[in-house]
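Welcome, and please get your viewer ready. We will begin with the whole molecule and then pick out one part after another.

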Amino acid sequence: MTEFVGYAPNPYGIGRKKFPYLLTDDLSFTSGRQSRNVGESNGCIKGAPSHYQKTLIHHTSIPGKFVEAKQQPVRTSALCGLEAPIPNSYVNSVLLVLYHVQPLRKRVLSHLCKRVFCLTCELSFLFHMLQQSTSDFSCSAINFIRAFRTIPEASALGLVLNDREDDPAFQTGASSLIQNFNRFILHHMNVEMKDEKKLLQPSSVPEKAASPDCHTVLSDTGFIVQVTAGGNSTAIAPPVCSQSLTRSQCSKSLVDSFEVQPSAQCIRGTEDLFATSVENVTQCRCGYQSSRADLYFVCTLSYPHSDEQLLKRISFERLLEYSFHLEQVKHAWCEQCSKFRISTHRRGVRSLPDVLSINCNIDNDKLRSFWRRQQQLCLEPKHPSRAAKSNAPCDELFEDNVNVSNPFGRLSWLPFNLTIRLNPDGKVAVCDQPLVGSHVGSMSNSVSYELQAVISYIRSGTVGHWVACIKALSSEVIRRSRWYLINDTQVKEIIPLEAVNFDVDWKLPCILLYSRPNLNELHPCPEYCPINDQVFTLDTVISERPSNIPIAPRQPAYFPGRGDIVAMDAEFVTLNHEEAEIRSDGSKLTFKPSQLSLARVTCVYGSGPLKGNTLLDDYICTREEISDYVTKFSGIKPGDLDPTFAERPLIAMKVAYLKLRYLIDAGVKFVGHGLSNDFKVINIYVPKEQIIDTVQLFRLPRRRLVSLRFLIWHFFGIRIQSETHDSDEDARSALMLYEKYTEIVQNSELQFSHILNELYEHGQQLRWNVPAECLKS
């Protein structure tokens with residue numbers, strides 16, 4: 001105290017006479033002690049590292065300056081994350097894990113079918129974007145999520161959430177939500193890929209597909225099928241074989257279920273990768289027994305029921321054994337008794353998958369305590385003389401089982417390696433020793449696995465999120481596997497032990513993914529891109545146009561190639577409005593950006609023999625509810641995108657996407673005004689060298705962006721966008737600006753910097769408004 005003035009230390013780390021402008025409880029700061037205090041007020045569990053915290057992306061703009069600042073993705077490797085702007089983005093972690101399963105990724109990239117809404121096709125587009133994107137590009141799965149919303153089965157299973165984060169699924173059952181999606185997407189992809197109807201016919205068979213040790217056949221779907229000459233094959237019952245395999249070969253593959261056929265393309269789905277073939281046996285008390293073969297794409301862990309058993313030591317390997325052949329007693333229909341009776345259900349394993357996906361199934365506090373206790377017990381010394389028997393019955397499962405190979409315990413309860421042996425009676429024996437040396441030949445009915453990915457749920461107050469720890473190659477040049485933590489758009493390299501250790505107070509394991517070490521050698525799928533110029537004739541294949549407009553598809557007379565100029569512009573409609581507030585300093589803070597949908601896309605030849613002609617001008621059908629047509633800026637009116645009332649032919653979003661993908665892959669250079677933002681909303685990756693954005697060409701550093709309407713009036717005296725925007729007019733105007741820019745730069749007598757200064761001086765005098773006259777005075 002000094003006289004009547006009191007002084008105290010500043011604990012917030014901010015300047016004097018300043019106080020943070022708190023809009024919501026979720027707003028966090030990054031300055032000193034303030035970030036910890038705010039984080040604790042959000043409900044974040046103390047002890048969670050900063051790289052596990054929820055990534056908040058704020059879009060900040062200042063009215064009048066048209067400047068938007070976005071948080072850039074943080075990466076320490078070549079890996080790419082995914083943005084999570086909406087609650088349904090919880091699927092991102094599973095999609096990233098599937099992307100890093102190389103055989104599955106190559107199959108998905110080769111998938112293209114005739115369905116309007118196909119999750120595998122959207123996943124193919126997403127995988128292509130992840131594969132091509134650079135470190136400064138932030139990918140998003142918004143197109144996949146929009147297609148995911150249209151699947152009736154997903155809505156029936158409760159996997160589709162509303163657009164608010166107060167959905168009950170975030171309050172309760174958040175851990176089971178992503179596990180149910182994991183099971184759904186593997187099964188749904190298997191159905192779509194096996195029932196595929198090819199959209200485009202491949203132009204030729206890649207030469208690299210054939211090898212001296214295998215003969216190659218082309219199936220009726222256009223995919224390349226390789227069958228080894230030695231007859232080594234694997235089939236997960238019931239197998240779906242191509243015509244090149246005989247019935248005897250299929251029967252042999254069922255018996256020899258542990259030798260995996262390289263490139264087992266006879267099963268075109270995900271069965272040969274993820275499915276475990278099992279036989280479910282139901283036995284009634286009267287003695288009647290029935291069996292049924294089934295495929296399980298996910299193994300769900302089963303835990304002991306009594307509290308005493310939960311407190312005892314049990315290894316993860318024994319728990320996995322128990323989950324494989326779980327016996328249950330419940331009511332079932334008996335054909336002999338002709339009524340429902342109490343029956344015993346047993347499960348016998350017939351073949352093991354190459355990729356083992358495990359749902360941890362932790363849905364209550366008792367199981368969280370079980371994981372916490374087992375992780376504590378694994379650090380205590382163990383007694384090798386009390387080693388557990390691999391074929392111990394279920395009642396001996398919950399004794400003090402130990403790991404013979406590691407008598408002094410290991411640093412994590414979750415093993416990095418698993419070896420599963422299948423016994424003739426359908427039971428499995430699991431240990432954590434990989435097959436090496438002479439053991440490989442002596443254990444021909446065993447399969448070794450390595451941990452490849454872990455998906456965890458991070459609890460942060462009332463709303464949590466999911467992160468993925470993935471073992472992947474650091475780069476294509478240095479082919480060395482490392483562990484990475486992917487938290488939305490943030491990618492950070494971590495030590496392997498961090499992926500398998502869990503503080504269940506804030507980090508809860510949800511999904512574990514084990515795969516065979518030689519998985520890529522067992523499934524050498526040839527990778528080829530099926531997109532060709534046939535996409536411009538798909539209007540009749542995937543049709544969204546009104547039935548009363550019989551317009552034949554228009555085949556372009558000339559397809560632009562590498563280096564050719566194409567002027568482009570796109571119009572969008574609003575599906576959901578943004579959520580934002582104006583701060584006291586006048587800046588606009590956007591918490592949830594508006595969700596836009598492509599409504600119209602126009603491309604005009606900018607070079608070549610057809611310069612000035614229209615390459616494509618398509619209206620895209622939108623099945624979702626449109627909250628705002630923004631007619632003043634898009635030119636789209638209510639009913640223009642509805643097949644029932646539209647006066648123009650409509651196409652599906654999938655067809656428009658494929659047309660743009662063809663032009664991008666062909667190396668076309670796009671000219672437009674604000675093209676970078678257009679491609680971002682369309683959710684398609686375009687290399688920077690293929691984008692010529694006139695909004696950046698005619699801009700001084702650190703100055704405002706100039707509108708297309710003012711630029712055309714300033715340089716040409718033409719008044720455009722008088723009433724509404726038109727994408728064809730805007731594309732041609734952008735092409736005129738680019739030609740003007742080229743003319744100025746090539747003219748040695750003109751200085752482009754002086755012309756830009758005159759532009760900004762003239763714009764400031766007119767307050768960037770175009771006068772009412774049609775021509776510049």
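Start with everything shown as a surface: the protein exposes about 37,000 Å², and carbon and sulfur atoms supply 50% of that area. Keep in mind along the way that this is a predicted model.

Now switch to a cartoon view. You are looking at 23 helices and 27 strands. The protein has 777 residues, and 50% of them count as buried.

**Stop one: a sheet**

Select strands E8, E7, E11 and E10. In that order, these 4 strands form an open sheet with antiparallel pairing. Which strands stand at the edges? They are E8 (289-296) and E10 (328-334); each has a single partner strand, so one side of each is left without a neighbour in the sheet.

**Stop two: a buried threonine**

Select threonine 270. You will find this residue in the loop between helix H9 (247-255) and helix H10 (271-274). Is threonine 270 buried or exposed? Its relative accessible area is 0%, and the cut-off for buried is under 20%, so threonine 270 counts as buried.

To see what surrounds threonine 270, show the side chains it touches. Leaving aside residues up to four places away in sequence, they belong to Leu104, Leu186, Met189, Asn190, Met193, Ala275 and Phe297.

**Stop three: empty space inside**

Rolling a probe the size of a water molecule over the atoms shows where empty space is left. Here the count comes to 8 cavities of 30 Å³ or more. The largest cavity holds about 290 Å³ of space.

To find the largest cavity, select Phe117, Glu122, Arg146, Met653 and Lys654, which lie nearest its centre among the 19 residues that line it. Then colour helix H5 (142-149), strand E23 (595-605) and helix H18 (653-665): each supplies at least two residues of the lining of this cavity.

Key: Residues are numbered from 1 along each chain as its sequence is written. This is a predicted model: local features need pLDDT of at least 70, side-chain atom pairs count only at pLDDT 80 or more; totals for chains, interfaces and linings use all residues. Side-chain values use heavy atoms; hydrogens and water are left out. Buried means under 20% relative accessible area, exposed over 50%, partly exposed in between (1.4 Å probe, protein chains only). Accessible areas come from the Shrake-Rupley method with a 1.4 Å probe; for residues, only the protein chains shown count as cover. Two strands pair if DSSP finds at least two bridges between them. On a 1 Å grid over the protein atoms alone, a cavity is a set of points where a 1.4 Å probe fits but cannot get out, and a pocket is an open set with protein on both sides within 12 Å along at least five of seven lines; lining residues have an atom within 4 Å of a point. Grid points are joined across faces, edges and corners, and a volume is the space filled by probe spheres set on the points. Contact means heavy atoms within 4.5 Å.
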